[in-house]
Structures are given as structure tokens and as C-alpha cells.
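I opened the notebook to look up a few things in this structure. My entries follow in the order I made them.

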Amino acid sequence: MYEDYAINDELFNWQSQSRTSIDSPTGKRYVNHREGGNNILLFVRENKSEDGVTSPYTYLGPADIVSHIGSKPISIVWKLRNKIPASIAKKAAL
């Protein structure tokens, strides 16, 4: 549904919801998170559900914006402050 994937063990491509524009309050909060004092915390999961049970998320840690492109949705590259564990990076790669 979203274009969310690990680029490498430090960079993660993430896509906002399809209705989030770059000029919306949410879009501005993502893109200007440092200036606004907002912390970005990245959580991932492999599947939405498994055997009818909602899958848990794994916390990857805080992240900072590297770049962004587009609007509705916004595609953002985040740089994680800690490397993605190898076991998760393999599953999260495109």
C-alpha cells in the first residue's frame, strides 16, 4: 500500500498517507520537524496481520529527514540515528 522500505542500514524511504500534502499542517510538521522541535520515531512491521492477529511493530529509533519529494503522498527519506538491525534490514529492503 505504501512505498516504505529500507534503502540501507541507515536510510529508510517512507511514504505519507495519500491525502497528506506538502502544504498541510501534517506535511509541514514532517518536513520541518527539526525547526518545529518534533521528534520522529520510526516503527516498522512486516505485515499488517498474521493468522488474523494484528502484527506488532518494531521500534527502529529516532530519525531525521534527509530529503522529500512529492505531495499527496509525500515520499521522505529518513536517516536513522541507529543502524537498522541486519535481520530487519533484509526484510525491510525493497
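**Entry: a surface patch.** I looked for a nonpolar surface patch and found one of about 450 Å², made by Leu41, Phe43, Tyr57 and Tyr59. Patch residues have over 30% relative accessible area and no salt bridge; like charges are joined within 9 Å, nonpolar side chains (Val, Leu, Ile, Met, Phe, Trp, Tyr) within 5 Å. A salt bridge is a side-chain nitrogen of Lys or Arg within 4 Å of a carboxyl oxygen of Asp or Glu. Areas come from the Shrake-Rupley method with a 1.4 Å probe, and for residues only the protein chains shown count as cover.

**Entry: what I am reading.** The model is predicted: local features need pLDDT of at least 70, side-chain atom pairs count only at pLDDT 80 or more, and totals for chains, interfaces and linings use all residues. Residues are numbered from 1 along each chain as its sequence is written, and side-chain values use heavy atoms, with hydrogens and water left out.

Entry: Leu41 sits in strand β3 (residues 40-44). Helices (H or I, at least four residues) and strands (E, at least two) are DSSP runs, numbered from the N terminus. Leu41 is partly exposed at 46% relative accessibility. Phe43 is partly exposed at 44%, and Tyr59 at 45%. Buried means under 20%, exposed over 50%, and partly exposed in between (1.4 Å probe, protein chains only).

**Entry: aromatic pairs.** I found 3 aromatic pairs. Rings of Phe, Tyr and Trp (its six-membered ring) pair if their centres lie within 6.5 Å; planes under 30 degrees apart are stacked, over 60 edge-to-face, the rest tilted. Trp14 and Tyr30 have ring centres 5.0 Å apart and planes at 80°, so this pair is edge-to-face. Phe43 and Tyr59 form a tilted pair, 4.9 Å centre to centre with 40° between the planes. Phe43 is in strand β3 and Tyr59 in strand β6, so their pair ties together parts 16 residues apart in sequence. I also noted one aromatic cluster of Trp14, Tyr30 and Trp78.

**Entry: the sheet.** What is the strand order of the open sheet? I read β1-β2-β7-β6-β3, 5 strands with antiparallel pairing. Two strands pair if DSSP finds at least two bridges between them. β1 (5-6) and β3 are the edge strands, each pairing on one side only. Strands β6 (residues 58-69) and β7 (residues 75-80) pair over 6 bridges. Asp64 stands opposite Lys79 in β7.

**Entry: His33.** Is His33 buried or exposed? His33 is buried, at 2% relative accessible area. His33 lies in helix α2 (residues 33-36). Beyond its neighbours within four places in sequence, its contacts (heavy atoms within 4.5 Å) include Asp64, Ile65 and Trp78.
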